[in-house]
Amino acid sequence: MNLFDPFPLTLILSGATFVAVAAIMRRWPPRTINHLYGYRTRASMASQERWDFAQQASAVRSRFWGWVMLALGLTGAGLGGMPELLGVLLSLGVLLLCCVLLLKGTENDIKKRFGPR
C-alpha cells in the first residue's frame, strides 16, 4: 500500500479537505450573502433564505463527496503500480466529477425547495 502515489494522495487530500470544509460550513456558515466565501451561485444568492439553505445543503453534499474521495483514495492505495500520469489524470477526473456532482445536486436541492429562479 503506497499512499504517496498520485492517485491515492490526490484523492485522500481532496477528500479530507472536502470533509473539513463541510464541517466548518455546517458549524460556521456565512451569515449574509457575500462574494467572498460560501456556496456562491446565482440561485443561492437570490435571497437570504436561499443563501442559508444552500450553505447547509452544500455542506452535506461536500461531506458526502469528501468521504467518497477518501474511500476511493484508500482503495486506490492498495492497487499500486499505476503509471504516474494515469494516476494524476484519474484522480483529477474523480475530483472534477465530485465537484460537478456537488454543484448539480445542490442546485437541484435549491430548485426543489424554492422553485426555479
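Guide: The protein chain has three helices and zero strands; here helices (H or I, at least four residues) and strands (E, at least two) are DSSP runs, numbered from the N terminus. From the N terminus on, the order of the elements is α-α-α. The model is a predicted one, in which local features need pLDDT of at least 70 and side-chain atom pairs count only at pLDDT 80 or more, while totals for chains, interfaces and linings use all residues. Residues are numbered from 1 along each chain as its sequence is written, and side-chain values use heavy atoms, with hydrogens and water left out.

Visitor: What does the C-alpha trace of the protein chain span along its principal axes, and what share of its residues count as buried?

Guide: The C-alpha trace spans about 50 × 25 × 20 Å along those axes. Of the 117 residues, 38% count as buried. Buried means under 20% relative accessible area, exposed means over 50%, and partly exposed lies in between, with a 1.4 Å probe and protein chains only.

Visitor: How should I read the packing of helices, and at what angle do α1 and α2 pack?

Guide: Two packed helices are described by the angle between their axes and by the distance between the axes. The axes are lines fitted to C-alpha atoms, for helices over the stretch in contact, and the angles run from 0 to 180 degrees between N-to-C directions. Helix α1 (residues 6-27) packs with helix α2 (residues 48-79) at an angle of about 155°, and their axes are 7 Å apart. That makes α1 roughly antiparallel to α2. As to the words, angles under 35 degrees count as roughly parallel, over 145 as roughly antiparallel, 65 to 115 as roughly perpendicular and the rest as oblique.

Visitor: Which residue classes make up the contact of α1 with α2?

Guide: The contact of α1 with α2 has 18 nonpolar, eight polar and two charged residues. In this scheme Ala, Val, Leu, Ile, Met, Phe, Trp, Tyr, Cys and Pro count as nonpolar, Asp, Glu, Lys and Arg as charged, and the others, Gly among them, as polar.

Visitor: How do α1 and α3 pack, and how do α2 and α3 cross?

Guide: For α1 and α3 the angle is about 25°, with the axes 7 Å apart. That makes α1 roughly parallel to α3. The axes of α2 and α3 come within 9 Å and cross at roughly 150°. That makes α2 roughly antiparallel to α3.

Visitor: Which hand does each crossing have: left or right?

Guide: A crossing is left-handed if the near helix is turned anticlockwise from the far one by less than a right angle, and right-handed if clockwise. The crossing of α1 and α2 is left-handed. That of α1 and α3 is right-handed, and the crossing of α2 and α3 is right-handed.

Visitor: How are aromatic pairs read, and how many are there?

Guide: A pair of aromatic rings is described by the distance of the centres and the angle of the planes. Rings of Phe, Tyr and Trp (its six-membered ring) pair if their centres lie within 6.5 Å; planes under 30 degrees apart count as stacked, over 60 as edge-to-face and the rest as tilted. The count comes to two aromatic pairs. F53 and F114 form an edge-to-face pair, 5.6 Å centre to centre with 80° between the planes. This pair links distant parts of the chain, since F53 is in helix α2 and F114 in helix α3 (residues 84-114), 61 residues apart. F53 is partly exposed, at 22% relative accessible area, and F114 is partly exposed, at 23%. F64 and W65 also form an edge-to-face pair, 4.8 Å centre to centre with 80° between the planes. F64 is partly exposed at 48% relative accessibility, whereas W65 is buried at 17%.

Visitor: How many disulfides does the structure hold?

Guide: A disulfide is a covalent bond between the sulfur atoms of two cysteines. By the rule used here, the two sulfur atoms must lie within 2.5 Å. The structure holds zero disulfides. The sulfur of C98 is 7.1 Å from the closest cysteine sulfur, in C99, which is too far for a bond. C98 is buried, at 3% relative accessibility, while C99 is partly exposed, at 28% relative accessible area.
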